[in-house]
Amino acid sequence: MLRLFTTNQIRKVTEIEGDWDFSPVQPEEPIPQTYSYRLPVPGCWEMHPAFRTYRGKGVYRRFIEIAEHASLRFNFKGISHTAVILFDGVEVGSHYNAYTPFHTRVIHDVVPGRHELIVLVDNSFHEESKLHFANDYFTYGGMIRPVGMEIISPIYIERIQFTPYLRDSIWGGEVVVHVANSSGAVASVSVAINLAGAQMELQECSVVTGATVAVRGRIACADAKPWSHEAPHLYLLDAKLYVDGAADPSDDLIERVGFRTVTTNSGRIQINGEDIVLKGFNRHEDHPMVGAAFPYSLMVQDMELMIEAGSNAVRTSHYPNDERFLDLCDERGILVWEENHARGFQLDHMLSPGCQEQCLACNEEMVLSHYNHPSIIIWGILNECASDTPEGRELYKEQLTQIRHLDNSRPLTYATHHREKDLCLDLVDIVSYNLYPGWYTNEDPSTLCDQARGWADQGGGLGKPMIMSEFGGDGYYGLRDATRVRGTEERQADIIESNLAAYAQKSYINGMFIWQFSDCRVVEDTGWLLSRAGTQNSKGIVDRYRRPKMAFEVVKKYFRGSHSSISV
């Protein structure tokens, strides 16, 4: 399942799921001729008994049957974390970063018959890998998200970008259809749009070989209803491509969109002009039975548990999420803070060769591939990185400027733990603090929260909305004790209650994201902070198997109750 809706009627798309041949390989070892294992795709190789702790390189192989002459393109939703793609022994694509999608180049003149598809995967940590390193979550290996094969026209729709707006009480949208030409001739193209009962034709233009052209237009949709948390109305945006005046379309692409606006006026966050307080969780894509390769059923389970707890929001800590989960957020009306893949970078790491370039590449892929999700209301970058240094500020500024250029319809933020030393709060629309009173410190949550507001006001965040982006404490499932010592479910529940009780009384708080939704696996011996018992971060309000802890009921009391500003 690539998406939760059909994306094409004309273009033929085949999902390539199921067992693939697999073999681990050593560095510089050639592609194997024989394969001893069969692994599921999507899947993490750590789920196989022979590879529970394997970190290194592996080769996946699949044979593809083509019935007629065709042009092909392969669409990979996520490979962890470096990939090289070979088709019949020829490299047709490569990619770095597990959590953003990519596709191969268009492969022309593929003859009927049997063809070999090879995917070389590497999840090892090395000097050239700046985003994937030993961290406070686990980097799984393998083809962790779905794969699709497209029989595609040489001139095709690459992507659609939809930006909604409200004008004179009527919803409309700016539509940009990006058309690519992989053929050998200049072509004249036009695009027909169908959206929410409205139709229009975008202007005709030419696209030269090897180029992509943006075909633009604005469409008014008088019958459209707004998307919101309470009523998440969705519409299919159907784009059909016509080449050189042909009567029939040669390609199509369907996106699913919603009509809503996001603003940050008067120190608040608004959806469609109405103030909202975000009540949510930080969530890792991690489960003991599947690793990071979530099937739809487990995504739904997570979603329903968060909704049961009273949540209206989720933060994709600390990387872009599987697009099917974002589709679920669109459908359920869950508000999303989506974040790039960059956590805990010290200044020397941020300044090391390749780091900023890899961050910028992740940002671009995240924004362009997930732009049309109405549930995404905030873009975030660089969790707990060097925003307390002048050099780090320049890197933050470059990334934030990049995202504003790609999308100026959503507010930007980052989560900081630098307190009064942070130097970048003037660069964002929302200030966000990771603070753990009751766990890492003995500070009073209410006093600390007021201090954080003061740091924000003095550090460039005056008048901006404020989010408490991380707070919580460890609680080991089943460890219950009247002493309420650290690590017990009772102590975790106390910590979360004290935090939520404080934030409920602060009218300037616009959101809170508990760390975290579920326990997750971490890399063993990260060396940068501490060794976690059982190589697990145990701050979830449910455990790794999604069994609720005592803190779950505490969260329900506040998120579903009428506690001051939390209920706004």
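Rings of Phe, Tyr and Trp (its six-membered ring) pair if their centres lie within 6.5 Å; planes under 30 degrees apart count as stacked, over 60 as edge-to-face and the rest as tilted. Trp 20, Phe 22, Tyr 37, Trp 45, Phe 51, Tyr 54 and Tyr 60 form one aromatic cluster. The model is predicted, so that local features require pLDDT of at least 70 and side-chain atom pairs count only at pLDDT 80 or more, while totals for chains, interfaces and linings use all residues. Residues are numbered from 1 along each chain as its sequence is written, and side-chain values use heavy atoms, with hydrogens and water left out.

Across the whole structure, a search finds 24 aromatic pairs. In the pair of Phe 22 and Phe 51, the ring centres are 5.3 Å apart and the planes stand at 85°, so this pair is edge-to-face. The pair links distant parts of the chain, 29 residues apart: Phe 22 belongs to strand β2 (residues 18-25), and Phe 51 to the loop between β3 (37-41) and β4 (57-66). Helices (H or I, at least four residues) and strands (E, at least two) are here DSSP runs, numbered from the N terminus. Buried means under 20% relative accessible area, exposed over 50%, and partly exposed in between, with a 1.4 Å probe and protein chains only. Phe 22, at 0% relative accessibility, counts as buried; Phe 51, at 4%, counts as buried.

For Phe 471 and Tyr 503, the centres are 5.1 Å apart and the planes at 80°, so the pair is edge-to-face. Phe 471 lies in the loop between β29 (466-470) and α7 (489-503), and Tyr 503 in helix α7, so the pair ties together parts that are 32 residues apart in sequence. Both Phe 471 and Tyr 503 are buried.

Rings also meet charged groups. A charge sits over a ring if NZ of Lys or CZ of Arg is within 6 Å of the ring centre and within 35 degrees of the ring normal. The charged end of Arg 486 sits over the ring of Trp 439, 3.8 Å from its centre, and that of Arg 521 over the ring of Phe 138, at 3.7 Å from the centre.

The next topic is a sheet. Two strands pair if DSSP finds at least two bridges between them. Three strands in the order β12-β13-β16 form an open sheet with antiparallel pairing. Its edges are β12 (155-167) and β16 (212-221), each with a single partner strand, so one side of each has no neighbour in the sheet. Ten bridges join β13 (residues 170-181) to β16, and Val 176 has Arg 216 in β16 as its bridge partner.

On a 1 Å grid over the protein atoms alone, a cavity is a set of points where a 1.4 Å probe fits but cannot get out, and a pocket is an open set with protein on both sides within 12 Å along at least five of seven lines; lining residues have an atom within 4 Å of a point. A volume is the space filled by probe spheres set on the points, which are joined across faces, edges and corners. The largest pocket holds about 790 Å³ of space. Of its 31 lining residues, the closest to the centre are Asn 75, Lys 77, His 103, Glu 158 and Ser 369. With four residues, α4 gives the most to this lining. The largest cavity holds about 70 Å³, and the largest share of its lining, three residues, comes from β12.
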